[in-house]
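This report goes through one protein model, from the whole chain down to single side chains. The sequence and structure come first.

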Amino acid sequence: MANYTFNIWKQVKYAGDIYGPWPIWPPKDPIFHRPSLFQTNPLRHLVNSHIFGEIKRNAIVGTTNNDKGVFELIDSSVGIEKFSEALMCSSAVPALFPY
């Protein structure tokens, strides 16, 4: 599993493979009208296309529940969509990258 993940990340060549600007830049008010300064559609595409054809073994990701402000562990038994969202949330940086 570690080799598989490592090989996926070796395919990332530059920052644009992970994040990019919003289509309209600069946003008039990025903090209040956009969830972040950058969008992470390239990362979401990478996660969904390479990792989630089918979850074959249990995986766990740690993330902070934004509503409760507490750390949570989410395992792959929640399903592909929710687990993918948890992975994206775990990589979010407030104000820079969306959750």
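## Overall layout

Among contacts in the protein between residues at least 6 apart in sequence, 49% link residues at least 24 apart. The model is a predicted one. The protein contains four helices and two strands, and along the sequence these follow the pattern α-α-α-β-β-α. Of its 99 residues, 25% count as buried. The protein exposes about 7,100 Å², with carbon and sulfur atoms supplying 58% of that area.

## The salt bridge

Side chains of opposite charge can pair when their charged atoms come close. In this model the count comes to one salt bridge. The partners are Glu-85 and Arg-44, whose side chains meet at 3.1 Å, N to O. Glu-85 lies in helix α4 (residues 80-90) and Arg-44 in helix α3 (residues 41-51), so the pair ties together parts that are 41 residues apart in sequence.

How exposed are the two partners, Glu-85 and Arg-44? Glu-85 has 33% relative accessibility and so counts as partly exposed. Arg-44, at 26% relative accessibility, also counts as partly exposed.

Gln-39 is found in the loop between α2 (30-33) and α3. Is Gln-39 buried or exposed? Its relative accessibility is 12%, so Gln-39 counts as buried; the cut-off for this class is under 20%. A polar atom of the Gln-39 side chain lies 2.7 Å from the backbone nitrogen of Asn-41. Asn-41 is in turn part of helix α3, which covers residues 41-51.

## A nonpolar surface patch

Which residues form a nonpolar patch on the surface? They are Ile-60, Phe-71 and Leu-73, and together they have about 370 Å² of accessible area. Ile-60 belongs to strand β1, which covers residues 60-65. At 57% relative accessibility, Ile-60 counts as exposed, because the limit for that class is over 50%.

## Accessibility by residue

The table collects the relative accessibility of the residues discussed above.

| Residue | Relative accessibility | Class |
|---|---|---|
| Gln-39 | 12% | buried |
| Ile-60 | 57% | exposed |

In the listed set, Gln-39 sits in a loop, Arg-44 and Glu-85 sit in helices α3 and α4 respectively, and Ile-60 sits in strand β1.

Conventions: Residues are numbered from 1 along each chain as its sequence is written. This is a predicted model: local features need pLDDT of at least 70, side-chain atom pairs count only at pLDDT 80 or more; totals for chains, interfaces and linings use all residues. Side-chain values use heavy atoms; hydrogens and water are left out. Patches are made of residues with over 30% relative accessible area and no salt bridge: like charges are joined within 9 Å, nonpolar side chains (Val, Leu, Ile, Met, Phe, Trp, Tyr) within 5 Å. Accessible areas come from the Shrake-Rupley method with a 1.4 Å probe; for residues, only the protein chains shown count as cover. A salt bridge is a side-chain nitrogen of Lys or Arg within 4 Å of a carboxyl oxygen of Asp or Glu. Buried means under 20% relative accessible area, exposed over 50%, partly exposed in between (1.4 Å probe, protein chains only). Contact means heavy atoms within 4.5 Å. A polar contact is a pair of N or O atoms within 3.5 Å; within protein, one must be able to donate a hydrogen and the other to accept it, and residues adjacent in sequence count only if both atoms are side-chain atoms.
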